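Please look over the notes below alongside the coordinates. They are arranged by region, and each point can be checked separately.

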Amino acid sequence: MRLLLRHGLATCAGLALVLGVAGYGLVQDWYRGLLPERRASAMALAALAGSDRVTVHQAQHWLAFAPTPEEPTMAFVLYPGGFCAPEAYAPVAAALAEQGYLAVIARMPADLAILATDRFEEIRHAYPGVNQWVLGGHSLGGVVALRYLRGQGPSPRGLVLWDSYTDARQPMTGLTLPILSLYSTAHHDPEHLRVFEETRRYLPQHVQYRAIEGGDHFQFGSFLATDIREEHTATISEARQQRETLEATVTFMRALERPHDSGQ
């Protein structure tokens, strides 16, 4: 199982489909023994304290980072990668809040987004003052975000994928909402870029793609070095990868903002 998980997002997508059928109990059994943990680094945990510019709220099913003292009307919701601690994305979420947005990191059962596909709806209802939403997903979280968009729930204004894609098992060419896809070029799987290019056909042609040159799969968050040592293949710093991720995500969100829009 560990070997399979190292073969990138295509394998993660397949695992998601299997686990969705197998059920929560089986996930729990595997998670404790065979499957990896991706725990948050000390720097990420420190970001949970907030600052004079960012207020952090830890709810049962999410972590929310809000700008202080502003009342944001646009929000970004992130579905974490498979077996990735949601706290690991706190630095980027806090930075998004400093830009004036509500940033929410979803907590998932057993750290698997496939077990709570509709978490976006729960979060959305908790913040009635926000009228524009952007859904995001890292790795397996992106696969599940795409699955959510196949359902009947309220659609976000846009979608952001961090090192994630879909394939023939879940073609999404019919999506019309704006989509940003960020991907790393120093991924630990040597087949990643080839597979990423080949699977573009399963997303709409209007997707905006941006490469994080020298970035790797896990530096979209901030994880314990011991937990990602086999996948830490970046040739740029974590700070630089997260800065580029933040800049691209903020630029995308600003282009979506529509004053006085009631939103969806």
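Contact, as used in these notes, means heavy atoms within 4.5 Å. The model under discussion is a predicted one.

1. Thr166. This residue sits in the loop between strand E6 (158–162) and strand E7 (179–184). Not counting residues up to four places away in sequence, Thr166 touches Leu146, Met172, Thr199, Tyr202 and Leu203. Its relative accessibility is 3%, and since buried means under 20%, Thr166 counts as buried. A polar atom of the Thr166 side chain lies 2.6 Å from the backbone oxygen of Gln170.

2. Asp167 and Arg169. A salt bridge joins the side chains of Arg169 and Asp167, with an N to O distance of 2.6 Å.

3. Aromatic pairs. A search of the whole structure gives 10 aromatic pairs. In one of them, the ring centres of Tyr165 and Phe196 are 5.9 Å apart and the planes stand at 85°, so the pair is edge-to-face. Tyr165 belongs to the loop between E6 and E7 and Phe196 to helix H8 (residues 192–198), so this pair ties together parts that are 31 residues apart in sequence. Tyr165 and Phe196 are both buried.

4. Phe196 and Tyr209. Phe196 also forms an edge-to-face aromatic pair with Tyr209, at 5.9 Å centre to centre and 85° between the planes. Here the link runs between helix H8, which holds Phe196, and strand E8, which holds Tyr209; the two residues are 13 apart. Phe196 has a relative accessible area of 1% and is buried, while Tyr209 is partly exposed at 24%.

5. The cluster and its charge. Which residues do the ring pairs join into a cluster? They are Tyr165, Tyr183, Phe196 and Tyr209. On the ring of Tyr209 there is a further feature to inspect: the charged end of Arg200 sits over it, 3.7 Å from the ring centre.

6. Salt bridges across the sequence. The structure has 9 salt bridges in the count. One of them pairs Arg39 with Asp227, with the closest N and O atoms 2.8 Å apart. Arg39 lies in the loop between helix H3 (24–33) and helix H4 (42–46), and Asp227 in the loop between E8 and H9, so the pair ties together parts that are 188 residues apart in sequence. Arg39 is partly exposed at 39% relative accessibility; Asp227, at 12%, is buried.

7. Salt bridges elsewhere. Within helix H9, Arg240 and Glu244 are 4 residues apart, about one turn of the helix. An α-helix has 3.6 residues a turn, so residues three or four places apart point the same way. The side chains of Arg240 and Glu244 meet in a salt bridge at 3.1 Å, N to O. Arg240 is partly exposed, with a relative accessible area of 37%, and Glu244 is buried, with 13%. Separately, Glu191, Arg194 and Glu198 are linked in a network of salt bridges.

8. Gly215. This glycine is in the loop between strand E8 (208–212) and helix H9 (238–256). Is Gly215 buried or exposed? Its relative accessible area is 0%, so Gly215 is buried. Leaving aside neighbours within four places in sequence, the residues in contact with Gly215 are Ser184, Thr185, Ala186, His187, Ala234, Ile236 and Gln241. The C-alpha atoms of Gly215 and Thr233 are separated by 7.8 Å, although these residues are 18 apart along the chain.

9. Helix H5. How many residues of helix H5 (residues 90–98) are buried? The helix is mostly covered, with 8 of its 9 residues buried. The buried residues are Ala90, Pro91, Val92, Ala93, Ala94, Ala95, Leu96 and Ala97. Gly100 follows H5 and has a positive phi, near 100°.

Note on methods: Residues numbered from 1 in each chain as written. Predicted model: local features only at pLDDT ≥ 70, side-chain atom pairs only at ≥ 80, totals over all residues. Heavy atoms only, no water. Buried < 20%, exposed > 50% of the residue type's maximum accessible area, 1.4 Å probe, protein only. Salt bridge = Lys/Arg side-chain N within 4 Å of Asp/Glu carboxyl O. Polar contact = N/O pair within 3.5 Å; in protein donor to acceptor, adjacent residues only side chain to side chain. Phe/Tyr/Trp six-rings, centres within 6.5 Å; stacked < 30°, edge-to-face > 60°. Lys NZ or Arg CZ within 6 Å of the ring centre and 35° of its normal.
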